[in-house]
Amino acid sequence: MSGERSVFRSIFRNVSVLTLGRIANALCSFIYIALAVRALGLSDFGLLILIHSLASTSSVLSRMQSWQTLIRFGSESFGNGDTDLLHRVIHFCIRLDTLSAAFAIMFGLVGVQIYGHTAHWSAHVRLLADLYVFVSPLMYSGWANGILRMAGKFHLVPIIDSCAALAKTFGVLLGYVLHLKLGYFLFVWAMTIVIDYGFYIHYALDILRRKFQFRYFRAFRHWRWQLPGMWQFTRAASVNQTLGNMSGHVATLLVGNGLGPAEAAVFRVCRQIADGIVTPAQLISPVLYPELVRMRDRQDWRGLKRVTWKMFGVLSGLSVALLLLSAFFGSTIFRFLLHVHVHHTSLYISIMLLAAVFSLLVIPLEPLLIVVGHVKFLMTNRTAIMAVYFPALYVLTRHFGLAGACLSTAACNATILLSQMLGVWFFYDRIGKTER
């Protein structure tokens, strides 16, 4: 029990630290989104959102979840000081991220041509979108993020988040004062991504150089090395995580294609408000996974199960409070952000918050299934659900507008939650018996 209490203290201490950065980011976002809408108008702001979503989709689509691989195969050697094995695992993850970066640009350029044609974008807007694609590889700091999580340096994350948010806020404020156009605001968004990525790489390399005499470019000497099961784990974890991460961006693009950029902006902001309300609780996910890996390495299967269900209980109680919060303050936040009145925003935000709550309750279940070796189940499950979700979203959006988009998103997240609960129930008695 003392071990479990220690894990809980560590989880909530690190979540509290991460929350500070998210609070600073949220406060800044209230300012820069409101100013950007006033400067550009709702339609051009919608174009900014769509261009950013295209680049984000290409980034997410190409990602190998190197941070999960790094923690899964490198956590024990990091703790034991096994420099040779740790270097090999990190080198493998760096090579994964390099390949991901190349594919992100390729996917992005192709995606801009296809989407720009179907959405009837002008040549100028397509050029801006093409240029913006080249920051898409920097949207993912996979191996560097894994190093910070593995080293327990969670206090660095709010510093990085705050610096990036402040840079974006000052950039947008300047654009608002000088009445600048869409191209400038895309440049501000891009520079924020560069700043964020640069900080993660700097801090990760600093940790590795101090403790393990690490050299970055040595990663490209031996492309074939991998531990048994490493590639299979990476592939399954990447497919599962990619489908989850890209769903929001693809949904925004489908809404924009079906209803127009202004409606895409409304959908995106409603989703952002809902996600913002549950953000402090969502920060449990990056903290929980390394703790469960350590418990697995100690063969503490009983503690691993107890921690998972306690976290599920905490998040269930919190979800009720968040739904009540949305009912009273959701539409007020929306009006402040966009400075426009849109009918039924309270309904849209409430439905999107319900969808966010379903995702919130998945947080303790998914890491449990990954840690105990059932990542293939997660991959298959999410692939099947997304294959139904995207067509359903487009059809319901065309027929029922934003209400259809929100309802299909909530139904998708509810299905994911139910299927993962069934998966945990099915595999529960095997935990600790088949794993090493």
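Let's start with helices H2 and H3. H2 covers residues 66-80, and H3 covers residues 83-118. Their axes come within 9 Å and cross at roughly 175°. Angles over 145 degrees count as roughly antiparallel, so H2 is roughly antiparallel to H3. Keep in mind that this is a predicted model.

Which residues of H2 and H3 meet? On the H2 side we have Ser 66, Thr 69, Leu 70, Phe 73, Gly 74, Ser 77 and Phe 78. On the H3 side they meet Leu 85, Leu 86, Val 89, Ile 90, Phe 92, Cys 93, Leu 96 and Asp 97. By class, that contact has 10 nonpolar, 4 polar and 1 charged residues.

The lining has 15 residues. Nearest the centre of the pocket lie Leu 54, Gly 111, Ile 114, Tyr 115 and Leu 253. Which elements give two or more residues to this lining? They are helix H1 (2-62), H3 and helix H8 (230-259). H3 gives the largest share, 6 residues. And the classes? The lining has 9 nonpolar and 6 polar residues, with no charged residues.

Last stop, helix H7. H7 runs over residues 182-212, 31 residues in total. From its first C-alpha to its last, H7 reaches 45 Å. That is close to the 45 Å expected at 1.5 Å a residue. What follows H7? Gln 213 does, and its phi is positive, near 50°.

Notes
Residues numbered from 1 in each chain as written. Predicted model: local features only at pLDDT ≥ 70, side-chain atom pairs only at ≥ 80, totals over all residues. Heavy atoms only, no water. Axes fitted to C-alpha atoms, helices over the stretch in contact; angles between N-to-C directions. Helix = DSSP H or I, 4+ residues; strand = E, 2+ residues; numbered from the N terminus. Parallel < 35°, antiparallel > 145°, perpendicular 65-115°, else oblique. Contact = heavy atoms within 4.5 Å. Nonpolar A, V, L, I, M, F, W, Y, C, P; charged D, E, K, R; others polar. 1 Å grid on protein atoms, 1.4 Å probe; cavity = no way out; pocket = protein on both sides within 12 Å on 5 of 7 lines; lining within 4 Å. Expected span 1.5 Å × (residues − 1).
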